[in-house]
Amino acid sequence: MTSFTVPSPRTWKNDDIPDYAVLQTELFDTMDFLANPPALKFRQTVQMNCTNSAWSTIIWDGIELDTHGAFSSANSTRATPQVPGWYKGYFGVDLDKLGTSADTTGRREVQAYWNMTRSYGRKMAPANAFTASTFFCAQGLSFLAPFNGSTDYIQVRIWQNSGSTLKTLVSRTDYQPVLYMKWHCRL
Amino acid sequence: MRGTGATSATLSLSGVPTGQVVFALVCLSNNEPVTGPAFPAGWTVIATSQSYTLAWKVKAAETSVKATWTNAHQWVGHVFTYVGLDTTTPVEGAATAEYTTGSTSFVSPSVTPTNTNRWIVNAAFVFNAATRTFTPGAGLTERYDGTATVSPYPSFFWADTNAPVTQAAHTYTSTVSGSSNPVRVVSFALVPAVVRGSTTFNVDAQMDAKGHAGRFGSSTLSVDLDFEVAGVSMTPSAPLPVITTWQNGDDHDEDALNAQWRDPLLFLLKDTAPQIHAEFAGTAFNLTSPQAMPLDTVTMQRGDIYFVPGQSRIYIGVSGMYEGILQGGFALTTATTAYDFGTALYVNGVSRAICDDPICGDALSATQVFGGHFARVRLAAGDYVELVQYGHNWVSTHVKSTTSQDDRSFIKLWWAGV
C-alpha cells in the first residue's frame, strides 16, 4: 500500500532561499493536501439481511469516492484510511418494514464501530412510533474518529429486535446505507 | 523572615504581582494568652491559634504586611503566592488539627476538594527548645521549612501536592525531626481561576531572600502547575492568522515567511486551530432537565479553547463558526413511556442547537444513547458552550448519566471557519 503523509509546514529562517522544489514541497503540496484531503464515500446498493437480535455489519459495494485507497474488496465492510489523522464523517442506514404492516416491536440501533472495539457514533430508537408507512431511518449521523493510517478501520453496523429478519433499504439512493469520511486533522 | 523578642513581624511582599493572591503566616515561640498574631484589615484568616496565624489577600499597593501580638516572642514568618488562583475564593475546605502528645508524626486534617483541578496545601507549626525540621508526607512537595534563630524556636513548614488531586478525602502523614507539643496542622485546597485560553497555571513560592535564598539558589521558586489531564497535549494559544497581500519590494524575512506561510498552514491543518474533545467519564449521577453535563476527561485540546475539568463550560478564545459532534447518554432505572430524551448545545446558558428530537423512552429499558449529532454554531471569543441533556416528565432518580466507553456523553468541538 502506498504510504501517505500529512504535510508539516516548515519554519523559515532568514538564510532560507526557497527555490522551486522547496516551494513545491512547502507550499503547493500542503495547499493541495488542504484542497484535496483524503476522503471517501461508500454506499450499499445490494440489499442485505439484518438478523433479529444480532449485529449486522454493512457491506459496501458502491464506491463513489476513495481518494487514498481506504477500500479493499477483501474487507468490504471496512473503511481503512491510509493517511493517519482524525477523520470526520457521517453515516446512515435505513431498514425496510416487515411487509406492509406496522413494525413496532423492539428497538433499532446503528453504530459507527471502530476496530471492532468501540463506538464513535450511535443512535438508538424504539420501534413503537413506526406505522405501516414508516420505517427506521437513521441518516446523517456524525462521528469524529482517529486512524493510524495503516490498520485502524471503521464499520457501520446495525442491531434490531423486531422479532424477524429485516432488510436494508437500497431502492432509492437517499435510503441506501452510506459512509462518508474526510481527513480532519493530524493525530 | 524571623525575629526575636518582638511583638510584631513585618513581612515583605516584594516580588508579589499586584492582583495576585498572596498567603502570609507568622509562627510564634510560645502561645499567646488567647489568640495568635493579628493581621491588618483586608487579610482573610484561613486558620489561627495561640501561636500562629495564616491569612490571604489579593495583593494591592501595599509593600509589606505587619502582624502584631501582645507578648514578646521569637517568630518566623513567610509569604507564598500562587499564580492563577481565583481571587475571590482561592481557598476551599480549610481544616485544622492539633497534636498534643509530643508526637513526631502527624496527619493533616482531611480535605475533600469539590473539583478535580484543586491542589492541596499542608502547613504545620511547632515551637520547641530545639530547632525542628519537617519531612513532608507522601504526595506532598515541600516549599519551605523555616525556623527562628533563638530558643525557644518556632518552626513551620509549607507543602503542597504540586498537582491537582482527585475529588476524594485527602490526608497526609508528615513528620517533624523531634518530639513537639503541640503540633498544629492546617490543610486546605487551592482554587484556580477559570482562565480562558490558558494552557498552564504557574505557582510561585516566594522565598525569603534574606533568610533562605541560599537554600534554593534563587529568590523565587517557580513550579509549573499543570491542570491538563494526563496524556493530553495542549498547544499554545493560536490566534486566527491574518493573511496579507504581498507587493513588490516586500522584505520577506523569516518573520514574514513564518507569519504568512507557515502559521496559516498550521492553522488550516488544525494543528493550532481551536479544538477540544471532552467527555464525562465519572460516576453516574441522577439527571435533571436541562442538565449541563460536567466534563471531566479531555482526549484532545488544541489552540485557544479551554475548560476546567469537572465543570460544564468550554470557553472560546477565537471567534468563528464552530462545528461539533455531541452525544448524550441516559440510563433508565425504570422504563416508561412518560419520559423522553434529547441533547442540545447551549451557548452562554441558552440553547442554540437541538441535536436530537426528543425520543420517547418506551421499549428502551436500559441505556439510551443518542450520539453522533452534528451541530454548527457561530461563537465569539469569550463565549462558553455546554453539552446539555434534557427531557420531559423525568423523575430524577429514574434517569441517570452513563459512563461506559460507548455510552458516555461527549462533545467534540472545532473551529471551522470565520
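I'll start with one pair of residues: Lys57(B) forms a salt bridge with Glu62(B), and their closest N and O atoms are 2.8 Å apart. By salt bridge I mean a side-chain nitrogen of Lys or Arg within 4 Å of a carboxyl oxygen of Asp or Glu. Both Lys57(B) and Glu62(B) are buried. Buried means under 20% relative accessible area, exposed means over 50%, and partly exposed is in between, with a 1.4 Å probe and protein chains only.

Before going on, some housekeeping. This is a predicted model, in which local features need pLDDT of at least 70 and side-chain atom pairs count only at pLDDT 80 or more, while totals for chains, interfaces and linings use all residues. Residues are numbered from 1 along each chain as its sequence is written, chains are lettered from A and ligands numbered from 1 in the order in which they are written, and side-chain values use heavy atoms, with hydrogens and water left out.

Back to the salt bridges. Over all chains the rule gives 17 of them. In chain B, Arg408(B) pairs with Glu279(B), with the closest N and O atoms 2.7 Å apart. Arg408(B) sits in the loop between β27 (399-401) and β28, and Glu279(B) in strand β16, so this pair ties together parts of chain B that are 129 residues apart in sequence. Helices (H or I, at least four residues) and strands (E, at least two) are DSSP runs, numbered from the N terminus. Arg408(B) is buried at 16% relative accessible area, and Glu279(B) is buried at 10%.

In chain A, Asp16(A) forms a salt bridge with Arg10(A), the closest N and O atoms being 3.5 Å apart. Here Asp16(A) is partly exposed, at 21%, and Arg10(A) is partly exposed too, at 28%.

Now chain A as a whole. Among contacts (heavy atoms within 4.5 Å) in chain A with a separation of 6 or more, 75% join residues 24 or more positions apart.

Next, the interface. Chain B brings 39 residues to the contact and chain A brings 41. The buried area between them is about 3,300 Å², with 60% from carbon and sulfur atoms. Buried area is the accessible area (1.4 Å probe) that two parts lose on being put together, summed over both. Trp261(B), Leu265(B) and Leu269(B) supply 19% of what chain B buries against chain A, more than any other three residues.

Which charged pairs cross over? The rule finds 3 salt bridges between chain B and chain A. Asp271(B) forms a salt bridge with Arg186(A), with the closest N and O atoms 2.7 Å apart. On the side of chain B that touches chain A, the elements giving two or more residues include α2 (254-268), β16 (275-279) and β25 (367-379).

Last item: Arg107(A), Glu109(A), Arg122(A) and Asp407(B) are linked in a network of salt bridges.
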